[in-house]
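We'll go through it piece by piece.

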Amino acid sequence: MTKEILTCKEAIRMLVEYLDEELDRNRSGALEDHLEACRSCKSRHEFEKGLRDRVSALGHAPVRHEFHDRIRALVARFEKETGE
């Protein structure tokens, strides 16, 4: 079996799926090989992973009841205006 060689453009496009663990084993392996060989893409991977980890650590803040009411009103107005 021939190993897939990725360009930097392809590797960057695959990062989100990789971080979400949505790539199959072959594509994941190809990206990991690329990240080992390419300092620029490795840096981008580390940045994206770090950002994702920090956002995840923030957790979820409760949403005030008034916000829900505003969203419902906007959806109702949209439906009325578009006839949906």
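How many residues apart in helix α4 are Arg72 and Asp69, and about how many helical turns separate them? Arg72 and Asp69 sit three residues apart in helix α4, so about one helical turn separates them. Before going further, a word on ground rules. You're looking at a predicted model, where local features need pLDDT of at least 70, side-chain atom pairs count only at pLDDT 80 or more, and totals for chains, interfaces and linings use all residues. Residues are numbered from 1 along each chain as its sequence is written, and side-chain values use heavy atoms, with hydrogens and water left out.

Back to that pair. Arg72 and Asp69 form a salt bridge, with their closest N and O atoms 3.6 Å apart. A salt bridge here is a side-chain nitrogen of Lys or Arg within 4 Å of a carboxyl oxygen of Asp or Glu, and by this rule there are seven salt bridges. Arg72 is exposed, with a relative accessible area of 52%, while Asp69 is partly exposed at 37%.

Glu81 and Arg77 are four residues apart in the helix, so about one helical turn lies between them. Both Glu81 and Arg77 are exposed. Arg64 and Glu66 are also joined by a salt bridge, at 3.4 Å from N to O. Here Arg64 is exposed, with a relative accessible area of 62%, and Glu66 is partly exposed at 45%.

Val63, Phe67, Ile71, Leu74 and Val75 make a nonpolar surface patch of about 420 Å². For a patch, residues need over 30% relative accessible area and no salt bridge; like charges are joined within 9 Å, and nonpolar side chains (Val, Leu, Ile, Met, Phe, Trp, Tyr) within 5 Å. Areas come from the Shrake-Rupley method with a 1.4 Å probe, and for residues only the protein chains shown count as cover. Val63, one of the patch members, is in the loop between α3 (39-58) and α4 (65-82). Val63 is partly exposed, with a relative accessible area of 45%.

Now for the buried histidines. His34 is in helix α2 (residues 25-37) and is buried, with a relative accessible area of 12%. Its side chain reaches the backbone oxygen of Leu6 at 3.2 Å. That's a polar contact, meaning a pair of N or O atoms within 3.5 Å; within protein, one must be able to donate a hydrogen and the other to accept it, and residues adjacent in sequence count only if both atoms are side-chain atoms. Leaving out neighbours within four places in sequence, His34 is in contact (heavy atoms within 4.5 Å) with Leu6, Thr7, Cys8, Ala11 and Cys41.

Not counting residues up to four places away in sequence, His45 touches Leu15, Tyr18, Leu19 and Leu35.

Now zoom out. The protein chain has four helices and zero strands, with helices (H or I, at least four residues) and strands (E, at least two) being DSSP runs numbered from the N terminus. The radius of gyration is 20 Å, well over the 12 Å that the globule rule gives for 84 residues, so the chain is more spread out than a compact globule. That radius is taken over C-alpha atoms, and the globule rule is 2.2 Å times the number of residues to the power 0.38. Along the principal axes, the C-alpha atoms fill a box of roughly 55 × 30 × 20 Å. Of the 84 residues, 19% count as buried.

Notes:
Buried means under 20% relative accessible area, exposed over 50%, partly exposed in between (1.4 Å probe, protein chains only).
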